[in-house]
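Let's take a walk through a protein together.

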Amino acid sequence: MKALIKDIIIALVIVLIITAIVKPTIVRESSMEPTLYDGNYVLVNKMAYKFGKVHRGDIIVFHSDMKAEDGNGDSNGNKLLIKRIIAIPGDTIKIEGGKVYLNGELQEEDYIAPGGTPGEVDETTVPEGKLFVMGDHRLVSIDSRLNEVGLVDQDRVIGDAFVRLWPLSEICLL
């Protein structure tokens, strides 16, 4: 009996450690297509930015100020969003004519859905502690181009989506 209790305690400790590091997340919308689709199951590394830096191109999950309508929000009832980091603190970003310019250079973004990047963003320098994020399906993505999201506070980032687990036929590192 003592061995069984010990095994249960060890299993619980392992589960607690894993859940402190990794957050499973289900993609709920189409704003990250063609990289991620509605219903994809991803793992988010919650420690990625506790000990490391954010990088352009990282796919992150973060707390937004938008209310979740389906009850799948955070503890405050707000939507969790998944987007790609386009610009980090100190970067200058501009969107003009469907094209993204980062630090004055036109970006080749082969991962985005057809249709380019609608909307105009005047040249903006991302301040310390903020991120400029966009979905890969720019025609439908609600992201830093819009006031509903704007620049994202780095302290609102839950972590880096690092692997897609579902569907099984599409398991991959992100």
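We'll start with a word you'll need a lot: a residue is called buried when its relative accessible area is under 20%, exposed when it is over 50%, and partly exposed in between, using a 1.4 Å probe and protein chains only. Keep in mind that you're looking at a predicted model, where local features need pLDDT of at least 70, side-chain atom pairs count only at pLDDT 80 or more, and totals for chains, interfaces and linings use all residues. Residues are numbered from 1 along each chain as its sequence is written, and side-chain values use heavy atoms, with hydrogens and water left out.

Now for the charged pairs. A salt bridge here is a side-chain nitrogen of Lys or Arg within 4 Å of a carboxyl oxygen of Asp or Glu, and by that rule there are 8 of them. One joins aspartate 136 to arginine 84, with the closest N and O atoms 2.7 Å apart. Aspartate 136 sits in the loop between β9 and β10 (152-153), while arginine 84 is in strand β4, 52 residues apart. (Strands are DSSP runs of E, at least two residues, and helices are runs of H or I, at least four; both are numbered from the N terminus.) Aspartate 136 counts as buried because its relative accessibility is 0%, and arginine 84 is buried too, at 9%.

Glutamate 29 lies in the loop between β1 (22-26) and β2 (41-45), 50 residues from lysine 79. Here lysine 79 is buried, at 18%, but glutamate 29 is partly exposed, at 42%.

What about the nonpolar side chains? In soluble globular proteins, these tend to be buried together. A nonpolar core means a set of buried Ala, Val, Leu, Ile, Met, Phe, Trp, Tyr and Cys residues joined through side-chain atoms within 4.5 Å. The largest one has 12 residues, including Phe62, Leu81 and Val149. At least two residues each come from β3 (59-67), β4 and β9 (130-134), and β3 gives the most, with 3.

Finally, find aspartate 91, in the loop between β4 (78-87) and β5 (92-96). Aspartate 91 is buried, since its relative accessibility is 4%. Its side chain makes a polar contact of 3.1 Å with the side chain of asparagine 103. Another polar atom of that aspartate 91 side chain lies 2.9 Å from the backbone nitrogen of isoleucine 88.

Definitions and conventions. A polar contact is a pair of N or O atoms within 3.5 Å; within protein, one must be able to donate a hydrogen and the other to accept it, and residues adjacent in sequence count only if both atoms are side-chain atoms.
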